[in-house]
Amino acid sequence: MVAAETAPARRVTAHVPSCSLAPGARTSSSVRRTSKKFVSDPAGIAALASGVAFLLLMASALVYFIRGRMLLRNPYISAARYVAKGHAAKPGDVAEATRWYRAALVRLCRRALEGFADSDIKDAVAKVDQIIIAYNGAVHLGLALSIGFPSQSEEPVPTLIPISYTKGLGAELDEHLVVKVCDHGPAARLGLQVGDQLVALNGEDITTFSLEFIQEQLALAGRASFRRRDGDSDRKALLTCSRCGCGNSVAEPSTIFRCFSCCATAVPWSCLTTPVKPQGGTFPLRRLRFFRDSNLQGHLGLKDVTWEDSGLAPAQKHPTGFGAPRDVPGDCQHHTQVGATCGVAAVNNLITNSGAASVDAEHLMQISSRLGQAETAIREGVASVEEAGEQQQVSELYSTSVGNFDVQTLQIAFDEAGFNMWYMPPQQLKQPSALWSKSDLVGYVVHRRDPMNPRLDHWFVLRAHAGASGTVKRRFLLHDSLFEVVFELTAIEAHQLLVHQPTGSLFAVSQRAAIPGTIAEP
């Protein structure tokens with residue numbers, strides 16, 4: 001038997017085509033060896049760090065350029081930043097705060113004065129006033145600005161500082177004088193100083209209160225009024241705030257002050273027209289160009305402008321400083337007061353713009369009379385009580401013979417007209433969108449209290465007006481019965497007005513839905 005011949009095993013080898021590397025090309029292993037060598041080399045590390053630093057520098061320059069363009073296009077942003085810088089100045093450093101406030105005003109208004117001759121005083125002031133009104137409508141109340149004009153028709157009066165507080169005043173008193181102001185308290189935020197004198201507590205004269213009672217009340221919640229001793233009467237001046245038209249007594253005509261009525265930071269007109277020199281030692285280098293551009297040497301003729309010469313005295317200014325005066329829209333009803341009947345007008349300005357019939361002063365007097373009779377019955381027939389150091393009839397606790405209706409009278413008047421009026425707690429004012437989110441809300445009633453005499457308190461309302469058809473863009477209108485016009489507020493102003501009301505002075509009003517099958521009384 002012949003053995004079969006065994007075939008040799010065939011070796012299969014895959015054919016890999018050869019690829020030629022370009023000159024200078026390296027394999028992955030060689031690249032890794034080179035990278036390790038580069039990282040371990042100090043010179044390589046320095047080159048890498050320099051490259052990263054250059055990229056970061058270029059990115060920062062790009063961000064700074066974009067931010068600078070935004071500031072140039074929107075002067076409101078830079079002006080608001082300057083005002084915030086002034087607020088953040090160290091206590092007692094008046095010069096530093098003054099420079100920032102002055103810079104904010106110049107940033108807003110320096111271009112408005114370009115092209116005006118020195119004789120065009122009223123035109124220049126009117127343009128500047130419109131710019132400041134627009135700026136205040138876009139910022140929070142703490143950043144609001146105004147111009148202070150010296151007044152010749154009125155005499156300086158002692159500065160009055162009203163303060164509302166919820167958890168204590170934040171200051172210590174020795175008898176009726178302030179001896180210490182605590183940091184970050186209500187007294188410090190509103191500028192109370194050592195030596196200011198307490199003159200009223202919760203709208204009542206303090207001479208009828210004991211010192212122990214005053215200390216107890218100042219540690220709780222309430223409102224107090226202080227009078228400031230301005231020193232030498234020859235140095236006092238009266239500056240009128242352009243935002244609200246109220247006069248403020250200051251030590252000197254060039255003093256930057258905070259208006260007691262509208263709480264705006266008021267910069268004297270002379271600061272706007274006086275040349276501004278670069279402050280190399282105070283501001284960073286990037287501020288120098290701004291100060292060189294804000295030199296107003298050509299407008300020194302406008303320096304001595306009084307409130308009477310400015311042309312703003314006849315203008316309608318609300319004491320709160322909010323809003324711009326507008327004629328009453330044709331589809332809106334606005335009620336003014338006769339005598340001390342601001343409460344009647346406040347009720348009518350809300351209910352008549354919601355389709356309800358108006359009420360008169362006699363109707364509210366009847367409500368107050370019923371409340372007074374109920375109060376007399378509770379007091380077991382006592383007809384008079386002591387209020388603010390004087391005897392007052394119980395029947396006049398809810399109104400006087402000429403009006404001045406209280407909160408309970410207004411609540412019953414709204415209730416009888418088909419509306420609900422309730423107190424608005426501060427925690428519900430934090431969200432601006434929630435203030436007008438309810439479909440049945442018709443507006444807010446504000447109780448503006450007089451710092452000295454509660455009989456001089458005032459009522460006005462704020463409402464959102466959408467027109468009769470409801471297709472017109474919503475407008476926020478402030479109805480004050482002391483004025484023939486209404487004041488239109490921006491959405492930011494409407495929120496700021498409500499947020500900064502003292503505790504217990506803001507009330508919301510909503511309209512109740514009609515019960516099906518019933519007929520409303522005419």
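Author: Contact means heavy atoms within 4.5 Å. The model is predicted: local features need pLDDT of at least 70, side-chain atom pairs count only at pLDDT 80 or more, and totals for chains, interfaces and linings use all residues. Residues are numbered from 1 along each chain as its sequence is written, and side-chain values use heavy atoms, with hydrogens and water left out.

The part to look at is the largest nonpolar core, which has 34 residues. A nonpolar core is a set of buried Ala, Val, Leu, Ile, Met, Phe, Trp, Tyr and Cys residues joined through side-chain atoms within 4.5 Å. Buried means under 20% relative accessible area, exposed over 50%, and partly exposed in between (1.4 Å probe, protein chains only).

W436, Y444, L462 and L489 have the most contacts inside this core. Among the elements that each supply at least two of its residues are strand 16 (441-448), strand 17 (458-465), strand 20 (506-511) and helix 13 (491-499). Helices (H or I, at least four residues) and strands (E, at least two) are DSSP runs, numbered from the N terminus.

Take Y444 as an example. Beyond its neighbours within four places in sequence, Y444 touches residues including W436, L462, L498 and F507. A second, separate core of 33 residues includes A89, V125, L145 and V305.

Q217, in helix 7 (residues 211-218), counts as buried because its relative accessibility is 17%. With the neighbours within four places set aside, Q217 is in contact with Y165, L201 and N202. L48, in helix 2 (residues 42-73), counts as exposed because its relative accessible area is 56%.
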